[in-house]
Amino acid sequence: MVSDSHQRVLSLAQDNSHVPVLLLYGERGCGLESLAEKIAKTWIAGEKDPETINLERSVDFLRVEPQGASSWIHTQAIRPTKARRATVESEFGDSEKPGNQGETLSVLEFLRTRPLIAPCKVVLVSRPDRLQPRAANSFLKLLEEIQPYGRIVLATYDIGRVLSTIRSRALCISVATGRTSVEIPDHLAIFGKTPGDYEFIAQHDDVYGKLNDLLNHLETQSPLFALRAAEICRNLGETLAKDTGESIRDGHVRILEAIGNWLSARNPIDWESAHQVSKSAGLIMSNANAASVYDLLLGSILTRNSRN
């Protein structure tokens with residue numbers, strides 16, 4: 001079933017007007033990825049039924065998403081490196097593109113040629129907030145020179161981290177979060193804020209249950225317990241990543257987000273702790289050592305608790 005919010009966006013994609021770049025954003029649980037794929041299928045299908053389109057088998061579709069433990073979208077995903085350009089030009093010439101050489105085409109290479117079968121070529125970029133600075137600059141230039149047959153759909157849960165210059169060159173659409181019938185205990189609900197959060201927590205209640213026990217235990221511990229607490233949080237983040245198939249850093253960010261929600265619910269005016277959690281998440285995503293980040297954060301919280 002397609003929600004009203006999704007149907008309005010799909011109607012826009014089905015419109016004959018040329019909207020080359022769509023940027024979808026919303027909270028977890030709103031179905032951004034599935035909606036982005038439906039838009040891609042709609043664009044590629046043309047007069048056909050979009051449901052008959054297999055994106056991964058389409059030569060006119062390219063998916064770009066964060067890679068590696070750091071969960072970054074690297075520059076080579078947007079434009080070819082000098083070494084790759086030299087190889088392509090020597091083997092295929094300036095006007096040709098490489099075939100299946102065991103490497104994924106960059107967006108620039110992909111959009112250099114016209115579509116082979118579909119009415120247009122479509123690029124789906126998951127989490128453009130994870131574009132490395134150089135990659136973001138290359139992507140911005142690409143958006144300024146996109147060909148008439150090119151279409152790009154971006155999907156992010158963190159619109160604030162997408163470059164404003166990229167946002168200005170896309171039609172930005174907020175996707176509403178649907179309702180959920182998932183019920184979870186109050187002591188676990190404290191870790192979430194949206195229906196998508198609650199569904200995720202329900203699927204991984206064992207991890208969040210252990211995190212709840214740890215955070216409650218902190219209230220009676222001295223700052224010396226920070227090292228042990230950091231080890232527990234690191235293990236929970238790694239477990240979450242393993243269970244979900246996400247990167248380890250994404251698992252740690254989810255744990256830090258849960259800690260932030262827990263602290264906010266317990267003490268809504270404790271802005272200092274909220275700022276520290278946000279800073280810690282930024283450090284994790286910038287490849288900082290997870291154990292050190294947890295140790296610093298939890299040591300600060302325990303020190304503050306001991307003073308109260």
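Tutor: We begin with a definition: a salt bridge is a side-chain nitrogen of Lys or Arg within 4 Å of a carboxyl oxygen of Asp or Glu. Keep in mind that this is a predicted model.

Student: How many salt bridges are there by this rule?

Tutor: The count comes to 11 salt bridges. Side chains of opposite charge can pair when their charged atoms come close. In one case, Arg63 and Glu37 meet with N to O at 3.1 Å. Arg63 belongs to strand β2 (residues 61-64) and Glu37 to helix α2 (residues 32-45), so this pair ties together parts that are 26 residues apart in sequence.

Student: Which residues are linked with Arg63 in a network of salt bridges?

Tutor: The network links Arg63 with Glu37 and Glu56.

Student: Where do Asp206 and Lys210 lie?

Tutor: Both are in helix α10 (residues 205-218), 4 residues apart, which is about one turn of the helix.

Student: Which residues form a nonpolar patch on the surface?

Tutor: Val59, Leu116 and Ile117 do, with about 330 Å² of accessible area together. Leu116 sits in the loop between α5 (107-110) and β3 (121-126). Its relative accessibility is 63%, so Leu116 counts as exposed.

Definitions and conventions: Residues are numbered from 1 along each chain as its sequence is written. This is a predicted model: local features need pLDDT of at least 70, side-chain atom pairs count only at pLDDT 80 or more; totals for chains, interfaces and linings use all residues. Side-chain values use heavy atoms; hydrogens and water are left out. Patches are made of residues with over 30% relative accessible area and no salt bridge: like charges are joined within 9 Å, nonpolar side chains (Val, Leu, Ile, Met, Phe, Trp, Tyr) within 5 Å. Accessible areas come from the Shrake-Rupley method with a 1.4 Å probe; for residues, only the protein chains shown count as cover. Helices (H or I, at least four residues) and strands (E, at least two) are DSSP runs, numbered from the N terminus. Buried means under 20% relative accessible area, exposed over 50%, partly exposed in between (1.4 Å probe, protein chains only).
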